[in-house]
Amino acid sequence: MLPLLLLTACWMWKSPDELREQEVRMDMEDHYAQVSAARDAIIAGDAATAVDNLETLRARLPVPQLPEDLARAEKSLGKALAPARSGADLTATAAVVADASAACGDCHQAAGVQMLQDPAPPPATAMLRHQWAAERLWEGLVAPSEDALRAGWEALVETPMLPAELGEAASSPEVVALEARVHQLAGRVAAHGTPRAARAEAYGELMATCAACHAATGGGPAQP
Ligand code: HEC
Ligand code: HEC
């Protein structure tokens, strides 16, 4: 009888480490959901929704019982999120999203976490490829992962914005310049050896530039 009781007890009992891991995992899904939603809102030109997502995440920090080094990394995430302000413009909010994403990456690096699964292959249409590329670049910051950064950059430069898809707007100098700027910024995010702060800054500008072209052309993702 005793062995059976012991076995049952072991099955029900979880070590503090296991519990902590479970808690961290639950929280990570939420972290991921909030920051990726903020990223997509910026690309769609919706700074207010992005601020809501960032504030929601900030209100959920800190995760209790983190080991000291991770608690420190989490504090810098809190600091990165702090400048999110309702009423702030798109560029400023994009910079907060990018900075927070890089702060996610700092903790994953400190914790030695491998968080990436292989992404679905890039979709066929140009704009969905841009979205896919922006997601890979983001993951490159969050994971952090040089491979994801390179995949994002390659998908962006290999996918020109075809005049057919942009209609008349494609020939306007403003739109041509915005497209060139997207490629330039993506290159800066992905280039090997770019310092982490410069990467985050370029990624923030990249998201704001996607949004600027959507505003200029009347295109872009449907608002959430
Ligand atoms: C304080 C440290 C810390 C911060 C900050 C942090 N993470 Fe994590 N993250 C972890 C740890 C530890 C794991 C591994 C936990 C596990 O295995 O479930 C992890 C795993 C993940 C995973 C894999 C999920 C899973 O269930 O395995 C994702 C996705 C993720 N983090 C996203 C994020 C995003 C997005 C942010 C920034 C908003 C972020 N994390 C910030 C520590 C952190
Ligand atoms: C040169 C202008 C321009 C730039 C730069 C630009 N877009 Fe777009 N985008 C458009 C236009 C126009 C549309 C609507 C037409 C279309 O869907 O092809 C669009 C549509 C989209 C859509 C909706 C596609 C769909 O089928 O629902 C997404 C998502 C998108 N863009 C993401 C991005 C991302 C991410 C970036 C930045 C990396 C970006 N775009 C940069 C002009 C641009």
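**Exercise 1.** At what angle do helix 4 and helix 5 pack, and how far apart are their axes?

*Solution.* The model is predicted: local features require pLDDT of at least 70, side-chain atom pairs count only at pLDDT 80 or more, and totals for chains, interfaces and linings use all residues. Residues are numbered from 1 along each chain as its sequence is written, with chains lettered from A and ligands numbered from 1 in the order in which they are written.

Step 1. Helix 4 (residues 68-81) and helix 5 (residues 90-111) pack at about 175°, their axes lying 8 Å apart. Helices are DSSP runs of H or I with at least four residues; axes are lines fitted to C-alpha atoms over the stretch in contact, and angles run from 0 to 180 degrees between N-to-C directions.

Step 2. Helix 4 is therefore roughly antiparallel to helix 5, a term for angles over 145 degrees.

Step 3. Residues in contact (C-beta atoms, placed from the backbone, within 7 Å) include L70, A73 and L77 of helix 4 and V96, A100 and A103 of helix 5.

**Exercise 2.** Identify the residues with the most contacts inside the largest nonpolar core.

*Solution.* Step 1. A nonpolar core joins buried Ala, Val, Leu, Ile, Met, Phe, Trp, Tyr and Cys residues through C-beta atoms within 7 Å; buried means 20 or more other C-beta atoms within 10 Å of the residue's own.

Step 2. The largest such core has 55 residues, and I42, L54, V97, A100, L137 and M207 have the most contacts inside it.

Step 3. Among the helices that each supply at least two core residues are helix 4 and helix 5.

Step 4. Not counting residues up to four places away in sequence, M207 touches R39, I42, I43, A94 and V97.

Technical notes:
Parallel < 35°, antiparallel > 145°, perpendicular 65-115°, else oblique. Contact = placed C-beta atoms within 7 Å. Buried ≥ 20, exposed ≤ 12 C-beta atoms within 10 Å, placed from the backbone.
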